[in-house]
Amino acid sequence: IGAGIGLYFAETFARFFFPDVIQYLPFDVATAALGASGTFGGGGGGGQRIVQLPADQALLVAAAWLVGALVVAAAFTERAEITG
């Protein structure tokens, strides 16, 4: 849970420093897959336009994130079983 919260806040602050990279991070991928708007700065219509992936590509990247999360979870579960 802590890693997810940390990733959420890291992604929020990465918008200012790495605007081209954040389109591949999990929360932005999920937003793009759902077809939500890509603005940053509030609901008033103003704000910076954020580059988003196309929906079909976003679904593939989201699937890759899910597979990666399962691999990490399986690795840590196996390690916990070994160490007791």
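**Exercise 1. Where is Leu 53 found, between which strand and which helix?**

*Solution.* The structure is a predicted model in which local features need pLDDT of at least 70, side-chain atom pairs count only at pLDDT 80 or more, and totals for chains, interfaces and linings use all residues. Residues are numbered from 1 along each chain as its sequence is written, and side-chain values use heavy atoms, with hydrogens and water left out.

Step 1. Leu 53 lies in the loop between β2 (48-49) and α3. Helices (H or I, at least four residues) and strands (E, at least two) are DSSP runs, numbered from the N terminus.

Step 2. Leu 53 counts as buried because its relative accessibility is 8%; buried means under 20% relative accessible area, exposed over 50%, and partly exposed in between (1.4 Å probe, protein chains only).

Step 3. Not counting residues up to four places away in sequence, Leu 53 touches Gln 23, Tyr 24, Val 29, Ala 32, Ala 58 and Val 61. Contact means heavy atoms within 4.5 Å.

Step 4. Ala 32, one of these partners, is 21 residues from Leu 53 in sequence and 6.1 Å away in space, C-alpha to C-alpha.

**Exercise 2. Describe the setting of Gln 23, a contact partner of Leu 53****.**

*Solution.* Step 1. Gln 23 is placed in the loop between α1 and α2.

Step 2. With a relative accessible area of 14%, Gln 23 is therefore buried.

Step 3. Apart from neighbours within four places in sequence, Gln 23 is in contact with Asp 28, Val 29, Val 51, Gln 52 and Leu 53.

Step 4. Between Gln 23 and Val 61 there are 10.0 Å from C-alpha to C-alpha, at a sequence separation of 38 residues.

**Exercise 3. Is Glu 11 buried or exposed, and which residues are in contact with Glu 11?**

*Solution.* Step 1. Glu 11 belongs to helix α1. This helix has 16 residues and reaches 23 Å from its first C-alpha to its last, close to the 22 Å expected at 1.5 Å a residue; the expected span is 1.5 Å times one less than the number of residues.

Step 2. Glu 11 counts as buried because its relative accessibility is 3%. The buried residues of α1 are Glu 11, Ala 14 and Arg 15.

Step 3. Setting aside neighbours within four places in sequence, the contacts of Glu 11 are Ile 22, Leu 25, Pro 26, Phe 27 and Asp 28.

Step 4. Glu 11 and Leu 25 are 14 residues apart in sequence, with 7.0 Å between their C-alpha atoms.

**Exercise 4. Which helices each supply at least two residues of the lining of the largest pocket?**

*Solution.* Step 1. The helices are α1 (2-17), α2 and α3 (55-83).

Step 2. The lining includes Leu 7, Phe 27, Trp 65 and Leu 66.

Step 3. By class, the lining has 10 nonpolar residues, one polar and no charged.

**Exercise 5. Summarise the fold and the confidence of the model.**

*Solution.* Step 1. The protein contains three helices and two strands, in the order α-α-β-β-α along the sequence.

Step 2. Of its 84 residues, 17% count as buried. Among contacts with a separation of 6 or more, 37% join residues 24 or more positions apart.

Step 3. The average pLDDT (the predictor's confidence in each residue, from 0 to 100) is 78, and 75% of the residues score at least 70.

Step 4. Confidence is highest in helix α2 (residues 26-34), at 84, and lowest in strand β1 (residues 39-40), at a mean of 54. Where pLDDT is low, the predicted coordinates should not be read in detail.

Notes
1 Å grid on protein atoms, 1.4 Å probe; cavity = no way out; pocket = protein on both sides within 12 Å on 5 of 7 lines; lining within 4 Å. Nonpolar A, V, L, I, M, F, W, Y, C, P; charged D, E, K, R; others polar.
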